Amino acid sequence: LKYGPGLTVPLAIGEDLLGSMSFEELWPEYEAKMKAGGKESASDAAINAFKYNFKVLASGASTMIPESQLEPVATLPDLEALEVSVDPALLKETVVLKLNGGLGTSMGLDKAKSLLHVTDGNTFLDLIAKQVDWMKKKYSMPDLKFMLMNSFSTSADTLQALSKYPALGGEDLEFVQNKAPKVAAENLKPVVWPADPGHEWCPPGHGDLYPAMLGSGALDKLLAQGVKYMFVSNSDNLGATLDLKLLTHFAQSGAPFLMEVAARTDADKKGGHLAVLKGGGLTLRESAQCPKEDEKAFQDVSKYAYFNTNNLWVHLGKLKELFDKSGGALPLPVMKNDKTVDPRDKKSTKVIQLETAMGAAISCFEGAQAIRIPRSRFAPVKKCDDLLALRSDAYKLTEDFRIELIPERQGVPPIVKLDDLYKFVDGLEKLIPNGVPSLKDCSSLKVEGPMEFAPGVIIRGKVVFKNSFCPFSSEKKVVAARVYQNEVVELS
């Protein structure tokens with residue numbers, strides 16, 4: 001069995017636990033649990049994918065990719081420098097797919113994050129629907145295919161929200177991602193949690209895109225309809241639209257897989273990066289795959305200059321061939337996340353969640369490629385810090401309903417760091433009831449303590465606002481309307 005790049009160093013957990021129970025002894029209980037777990041876990045594709053991941057864990061193989069196995073990427077083609085005669089006819093053979101399985105729990109939401117208000121009265125989903133409609137009209141392509149990968153948590157809310165766009169995707173608007181069993185850290189058995197059996201399961205990461213497409217029948221259905229190319233991106237990245245120049249380049253390249261990457265800045269240094277395996281071929285290293293001793297090199301943006309935007313292009317015929325060749329499970333590198341079975345109860349049973357990243361498929365496809373894109377195609381929202389920036393005048397809404405940095409920013413977003421008071425969306429709204437301050441000339445904004453921005457606040461350079469007059473006071477201060485530039489502002 002091949003485990004993917006870097007999986008060679010023994011794990012302590014494997015050495016400690018598997019002297020008593022082998023993978024062969026542990027697996028039947030998992031297989032039975034998945035078959036009884038409903039359609040999100042019972043398909044052959046879902047079972048094969050988890051079996052592969054669990055076998056990596058049970059083998060004792062490391063899930064790390066050490067520095068010794070990597071080299072930096074030398075050069076890449078640049079989208080803006082490409083000279084390509086676009087071919088609109090390729091749209092007939094293309095599907096646009098958005099990953100929409102994430103709840104906005106980290107931002108205080110109990111629904112799909114894509115239902116969050118972004119700008120001009122539009123949610124993420126509204127803007128995505130309008131992006132697709134714009135493409136259909138611009139290229140007279142009413143049958144341009146669009147799909148969502150939802151989760152069991154986001155499906156109902158999402159379909160209801162999109163019901164006002166009946167022409168968007170028809171009957172095949174969605175397929176639902178799989179769920180995977182959580183592994184008890186103590187003995188590697190399936191965790192049991194009678195207080196809430198739902199906590200026994202977890203989403204297996206967005207690398208589940210591939211087995212979920214296979215297991216749901218979506219992959220075979222698209223191939224039967226003559227669809228060759230898939231453009232996939234996150235629903236919270238409103239810069240990622242189907243670019244005809246990129247599609248044409250991908251089709252002409254003959255590559256099975258193409259990753260859009262952008263130049264790393266200091267704001268990106270803790271996220272994953274693209275690299276070259278010393279044995280040949282591109283690979284992706286996420287922070288969870290970096291040994292502690294290699295963190296300095298991992299965060300060196302001059303050495304590892306590109307990060308994965310999660311905007312990917314996949315040749316569906318080559319994907320099906322890879323499934324057939326690898327026995328129904330792609331050999332994606334596995335990430336091991338240590339959690340508690342009840343995420344809100346840190347004293348509950350310790351578990352391991354096994355996840356994969358869809359971008360990591362770049363190391364599975366022979367001949368996979370990457371291309372450098374402008375930062376305008378990458379505007380994701382992971383925290384309320386990002387949402388505040390995205391709502392500001394540092395970004396603009398384009399005619400094709402993308403949100404992108406204004407040209408003056410030269411591809412560099414403002415860095416926003418908010419106090420934990422504003423970690424959740426309801427807290428953020430209390431900070432900006434009068435609208436977001438101007439950030440178009442802001443390099444960084446830091447907010448500490450309870451406050452509220454008055455209308456007309458303009459921030460330039462690096463500015464810190466502090467309400468620290470009394471550390472135990474919850475009294476809100478008002479940031480008065482004026483220009484603030486390269487200063488620390490103590491509110492009193």
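Visitor: How far does helix α2 (residues 23-35) reach from its first C-alpha to its last, and what is expected at 1.5 Å a residue?

Guide: The expected span of a helix is 1.5 Å times one less than its number of residues. For the 13 residues of α2 the expected value is 18 Å, and the helix reaches 18 Å, which is close to the expectation. Helices (H or I, at least four residues) and strands (E, at least two) are DSSP runs, numbered from the N terminus. This is a predicted model, in which local features need pLDDT of at least 70 and side-chain atom pairs count only at pLDDT 80 or more, while totals for chains, interfaces and linings use all residues. Residues are numbered from 1 along each chain as its sequence is written, and side-chain values use heavy atoms, with hydrogens and water left out.

Visitor: Why are the buried residues of α2 said to line one face of the helix?

Guide: Buried means under 20% relative accessible area, exposed over 50%, and partly exposed in between (1.4 Å probe, protein chains only). In α2 the buried residues are F23, L26, W27, Y30, K33 and M34. Seen down the helix axis, they fall within an arc of 125°, so they line one face; the arc is that of the directions from the axis to the C-beta atoms. The face turned away from them carries the exposed residues E24 and K35.

Visitor: What covers the buried residues of α2?

Guide: The cover includes helix α3 (44-59) and the strands β7 (180-181), β8 (183-184) and β9 (201-202).

Visitor: Why is the span of helix α4 (residues 124-138) said to agree with 1.5 Å a residue?

Guide: Its 15 residues should span 21 Å, and its end C-alpha atoms are 21 Å apart, so the two values agree. Among the buried residues of α4 are F124, L125 and K136. Just after α4, S140 takes a positive phi of about 45°.

Visitor: What makes M358 buried or exposed?

Guide: The relative accessible area of M358 is 0%, so this residue is buried. M358 is placed in the loop between β16 (350-355) and β17 (369-372). Leaving aside neighbours within four places in sequence, its contacts (heavy atoms within 4.5 Å) include L99, H206, Y210 and N310.

Visitor: Why is A262 called buried?

Guide: A262 has a relative accessible area of 1%, and it is therefore classed as buried. This residue lies in strand β11 (residues 257-263). Beyond its neighbours within four places in sequence, A262 is in contact with A305, Y306, F307, T309 and I373.

Visitor: Which residues of the largest nonpolar core touch the most other members?

Guide: A nonpolar core is a set of buried Ala, Val, Leu, Ile, Met, Phe, Trp, Tyr and Cys residues joined through side-chain atoms within 4.5 Å. Of the 71 residues in the largest core, L242, L388, L431, L445, F453, I459 and F465 touch the most other members. Helix α4 gives the most to this core, with seven residues. Apart from it lies another core, of 45 residues, including M149 and L284.

Visitor: Why is the chain said to be as compact as a globular protein of its length?

Guide: The chain has twelve helices and 25 strands. Its radius of gyration is 23 Å, close to the 23 Å that the globule rule gives for 492 residues, so the chain is as compact as a globular protein of that length. The radius is taken over C-alpha atoms, and the rule is 2.2 Å times the number of residues to the power 0.38. Buried residues make up 55% of the chain.
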